[in-house]
Structures are given as structure tokens and as C-alpha cells.
Amino acid sequence: MNRYPRDFRGHGPNPPDAKWPGGAKIAISLVLNYEEGGENNLLHGDAQSEAFLSDIAGAQPWPGMRHWNMESLYDYGARAGFWRLHRLFTERRLPVTIYGVTTALARNPEQVAAMKAAGWEIASHGLKWVDHRDMAEDVERAQIAESFRLHEEVVGEPPRGWYTGRCSMNTVRLTAETARLDWISDTYDDDLPYWLELGDRDQLVIPYTLEANDMRFATAPGYIEGEQFFTYLKDSFDTLYAEGQAGRAKMFSIGLHCRLIGRPGKIAGLIRFLDYAQRHEGVWFARRIDIARHWAATHPHRRIERPSQMTRERFVERFGGIFEHSPWIAEGAWSLELGPAHDCATGLHNALARIFRSATPDQRLAVLRAHPDLAGKLAAAKRLTPESTAEQASAALDALTDDERATFQRLNTDYVAKHGFPFVIAVRDNSKASILSAFTTRIGNDTETEFATACAQVERIAELRLKDLLP
């Protein structure tokens with residue numbers, strides 16, 4: 001099968017109602033990344049120093065060497081930044097999720113004790129704060145297993161959530177395959193949680209953020225003062241809060257790092273934002289585990305038979321009649337590059353319509369001729385397909401008076417005599433009166449125009465049929 005794995009559809013045009021507790025209009029997840037002591041360092045068995053997310057402009061790894069200045073900046077996060085943030089959040093009684101690099105947690109027992117005393121969720125941020133891009137799958141799997149072991153040893157219980165950050169193409173699958181996590185966050189692709197099907201595992205994903213994130217203080221272009229951070233957070237909040245007021249409540253993740261936002265000039269912007277957000281009604285500050293539990297209870301996953309995953313035989317069996325008596329269209333669509341975007345009515349209709357539109361005029365004419373006359377002899381003899389029977393009944397074409405039936409039969413005869421194919425119209429979009437009006441008007445069209453009109457109606461009929469079968 002020619003299948004495309006990326007999911008551009010997500011929740012689609014009508015996302016679910018989040019139904020946050022208490023009718024909240026927005027859920028805010030404060031995430032504090034704890035990486036100090038888990039970064040690249042010769043002391044940690046790495047081949048070079050760290051070079052990522054610090055106040056050193058243009059930092060580069062130092063192969064085979066320790067980097068005193070870099071270490072000192074990370075140390076600040078543990079020694080000063082963490083405690084400044086701890087005071088801020090505990091004084092306001094705000095729940096926090098920690099993304100804890102396991103080896104960093106092991107080297108910072110006082111901070112772990114403070115996290116636990118505050119009731120914060122301690123999720124896993126991987127075994128080490130290193131780039132997993134080129135890591136072999138078996139090595140990464142082993143590191144994930146070791147992270148679980150060490151996390152439980154250090155924290156007292158295993159993590160229920162996971163975010164690697166600098167992940168590989170295997171990370172999401174490998175973490176989900178552990179079947180030990182209530183949520184994973186190595187995605188940035190939505191404003192709401194969603195379910196990911198990986199084999200037999202239905203894994204809840206809570207997307208994270210790289211833009212409402214203090215890491216922008218250490219990247220270019222980025223923030224250079226706390227006020228810029230406040231402004232961005234406020235604008236994000238205002239947009240999402242307004243959507244919540246309109247009945248489309250979303251989630252707002254805010255990413256923080258001890259060594260960055262923990263600095264006095266930077267934290268001032270965060271304080272202003274918290275002051276602003278806490279003045280609003282209907283704001284739910286939640287740990288990610290709380291969001292996960294709410295979503296699992298409110299929106300449990302339901303698997304569907306996905307067109308993009310069907311065998312050719314099943315696909316044709318299921319969709320071969322969408323275009324009347326033309327299973328070759330379904331056969332052609334199955335061979336296209338299908339993916340998650342085609343597992344809904346609109347997406348699959350596009351694939352089927354592509355085959356119909358690219359067919360020869362004779363092939364499309366055959367599809368038109370496969371359609372029955374409206375209220376014709378086949379209907380009277382009850383020999384229509386189930387789809388056509390239901391469609392004609394929707395406009396009461398199965399309950400005509402003798403005069404009405406005679407009118408339809410006369411129009412059918414005149415139309416076919418002029419154009420060479422039956423009159424095709426999406427009956428479910430019409431009433432008996434509007435069908436008769438269109439019939440009378442379209443008989444007068446030239447055949448080229450009417451051919452194009454009929455083909456468009458064939459596509460519309462197919463779309464309506466698919467909407468009966470798929471979301």
C-alpha cells in the first residue's frame with residue numbers, strides 16, 4: 001500500500017468540546033523542565049560539553065573538554081532559578097508538571113523533595129538531556145527502560161508522563177510501546193489532547209509547545225526582556241480564552257526552564273502573566289496528569305475501521321458502490337497515497353473524486369449511465385441499489401401520484417433522448433419541487449454543459465453517501 005503517515009487532519013473542522021472541569025474556558029499547563037545535571041558533560045560520560053539553551057550566544061560543543069561557563073549557567077538553574085520558581089508557584093498554589101531528566105533528578109535530591117512536597121507531577125524527560133536524533137533504536141529503547149528504573153528509584157514511583165524533547169523518529173513509538181504512560185508530549189501539533197493508535201496501544205498525546213516557551217530567550221529570533229515574554233503569553237491566552245468563551249475550549253502549555261526563566265529579569269514577565277491570567281474566571285491550572293485523566297474519562301478513545309488501513313478487497317467492498325455501480329473508482333482510489341487525512345468523509349471523497357475526474361470521457365459517461373432514472377421503472381420494480389432507494393425516498397419520489405409519476409417518466413425520456421444519459425441530481429439536497437424545476441431547466445442545456453453538471457452531481461451524491469459512513 002502507498003500510505004502517507006503524517007496526520008494533517010487531527011480533530012478536523014469540529015474539534016470535541018473539551019468539557020474542562022467547572023466549565024473552564026481554558027486549561028493552562030505550566031511545565032518546568034528540569035535538566036540541570038543531565039546535560040552533555042564529560043562528567044556524565046559524554047564526548048563533549050553542552051551547547052543548547054543557555055545564555056551563551058552562539059555556543060558550540062567543546063569535544064573532549066568541559067565548559068566551565070556552560071556548566072555554571074546550568075548550575076544557576078539548580079541553585080537559584082529553581083527555588084525562585086518554587087516560591088512563585090507554591091505561594092500561588094499553582095500546580096506544575098516537571099519534565100525531569102532522570103539523571104538530573106538523581107543529582108538534585110533537595111529539589112526533588114521540594115517538587116514532591118508541593119504535589120507537582122514529576123514526568124520523565126528522558127535519561128539524559130542529549131540529542132536522540134542519531135541514536136540507534138535499540139539504544140534508545142534501553143535508555144527509556146533505564147529512565148523508568150532510575151526515575152522510580154529516585155522519585156519513589158514511576159513516571160506517568162513523558163517528554164524527551166530532542167527526540168528521534170522512533171521516540172513517540174518507543175515510549176508508547178512501554179504501555180506504562182498515561183500521556184506523552186513529544187508533539188507540537190494541536191491545542192487539544194488526542195489519541196494515537198500504535199499497534200494495540202491507544203496512547204494519549206498531550207501536545208507541547210516550543211513558542212510559548214522561555215527557550216526563546218536563548219534562540220534567535222527570541223525574547224530579550226521579560227515584557228516580550230509576558231506579551232506573547234497574554235496574546236496567546238486572550239486568543240484561547242476567547243475561543244473558550246465561544247464554546248471551543250483549548251489547552252495552553254507554557255514551557256519553562258530553571259536556568260532561563262529563573263533569572264530575575266525574565267521571571268518578571270512570567271509573574272505579570274500569572275497576575276493577568278489569575279484575574280480571569282474559568283481558568284483551570286492543571287498538571288498534565290490531571291489533563292490526561294480528564295481527557296481519558298471524558299473523551300475515551302474509540303477505534304474505527306480506517307479506509308487508509310484497509311486491504312484492497314475490504315476497501316472495494318466498503319466503498320465500491322459510492323459511485324453508482326463503478327467499483328473501479330474505489331480500486332483506483334485505494335492505490336493513491338492515502339493516509340490519516342483520508343479516514344474521513346471529506347478526505348476519502350477527494351481520493352475517489354480524483355479517480356473519477358481523471359477518467360476518460362467515456363468512463364465518466366459510463367458512470368452517468370449507471371445511475372437510474374428518477375422514479376423510473378427500476379424504482380417501481382424495487383431494483384435500485386439500497387443507496388439509490390434511500391435517496392429517492394428522501395424526496396418522497398417513492399410516493400408519487402400517478403400524474404407526478406407520468407411527469408417524471410416523460411422528463412426522463414426527453415432528457416435521455418437529448419443528452420444520452422439519465423438525469424442525475426443529488427436528491428438529498430432537494431425537494432420534489434426543486435427536482436422537477438431543475439429537471440425542466442437542465443433539459444434545455446447543451447449536452448457539454450449538462451455532462452459537466454451531471455458529473456458534479458455524481459460527486460455530490462458520493463460525498464453524501466460517504467458522510468453516512470465516515471466522520
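Helices (H or I, at least four residues) and strands (E, at least two) are DSSP runs, numbered from the N terminus. The model shown here is predicted: local features need pLDDT of at least 70, side-chain atom pairs count only at pLDDT 80 or more, and totals for chains, interfaces and linings use all residues. Residues are numbered from 1 along each chain as its sequence is written, and side-chain values use heavy atoms, with hydrogens and water left out.

View 1. Ala179 sits in the loop between α5 (171-177) and β5 (183-184). Its phi is near 55°, a positive value in a residue other than glycine. Ala179 is partly exposed, with a relative accessible area of 49%. Here buried means under 20% relative accessible area, exposed over 50%, and partly exposed in between (1.4 Å probe, protein chains only). Arg93 is found in the loop between α1 and β2. The phi of Arg93 is near 55°, again positive in a residue other than glycine. Arg93 counts as exposed, at 77% relative accessibility.

**View 2. Strands β2 and β3.** Strand β2 (residues 97-100) pairs with β3 in the parallel sense, over four bridges. Two strands pair if DSSP finds at least two bridges between them. Gly100 stands opposite Ser124 in β3. Strand β3 (residues 121-124) is covered on both faces. Glu121 and Ala123 are buried on one side, Ile122 and Ser124 on the other.

**View 3. Helices α1 and α3.** The axes of α1 and helix α3 (residues 109-117) come within 11 Å and cross at roughly 10°. That makes α1 roughly parallel to α3. Axes are lines fitted to C-alpha atoms, for helices over the stretch in contact, and angles run from 0 to 180 degrees between N-to-C directions. Angles under 35 degrees count as roughly parallel, over 145 as roughly antiparallel, 65 to 115 as roughly perpendicular and the rest as oblique. From α1, Ala78, Phe82, Trp83 and His86 meet Glu110, Gln111, Ala114 and Met115 of α3. Contact means heavy atoms within 4.5 Å.

**View 4. The nonpolar cores.** The largest nonpolar core has 50 residues. Such a core is a set of buried Ala, Val, Leu, Ile, Met, Phe, Trp, Tyr and Cys residues joined through side-chain atoms within 4.5 Å. Ile28, Phe89, Phe237, Phe252, Leu270 and Phe273 have the most contacts inside the largest core. Helix α1 (residues 68-91) gives the largest share of this core, seven residues. Phe273 touches Ile28, Phe230, Leu233, Lys234, Phe237, Phe252 and Ile254, not counting residues up to four places away in sequence. A second, separate core has 46 residues, including Ile329, Leu338, Leu348 and Leu365.

**View 5. Helices α11 and α12.** The axes of helix α11 (residues 327-334) and helix α12 (residues 345-357) come within 8 Å and cross at roughly 115°. That makes α11 roughly perpendicular to α12. On the α11 side, Trp328, Ile329, Ala330, Gly332 and Ala333 take part. They meet Ala351, Leu352, Ile355 and Phe356 in α12.

**View 6. Val424 in its loop.** Val424 lies in the loop between α16 (402-419) and α17 (432-442). Val424 is buried, with a relative accessible area of 2%. Leaving out residues up to four places away in sequence, Val424 touches Leu368, His371, Arg442, Ala454, Gln457, Val458 and Ile461. Val424 and Arg216 are 208 residues apart in sequence and 58 Å apart in space, C-alpha to C-alpha.
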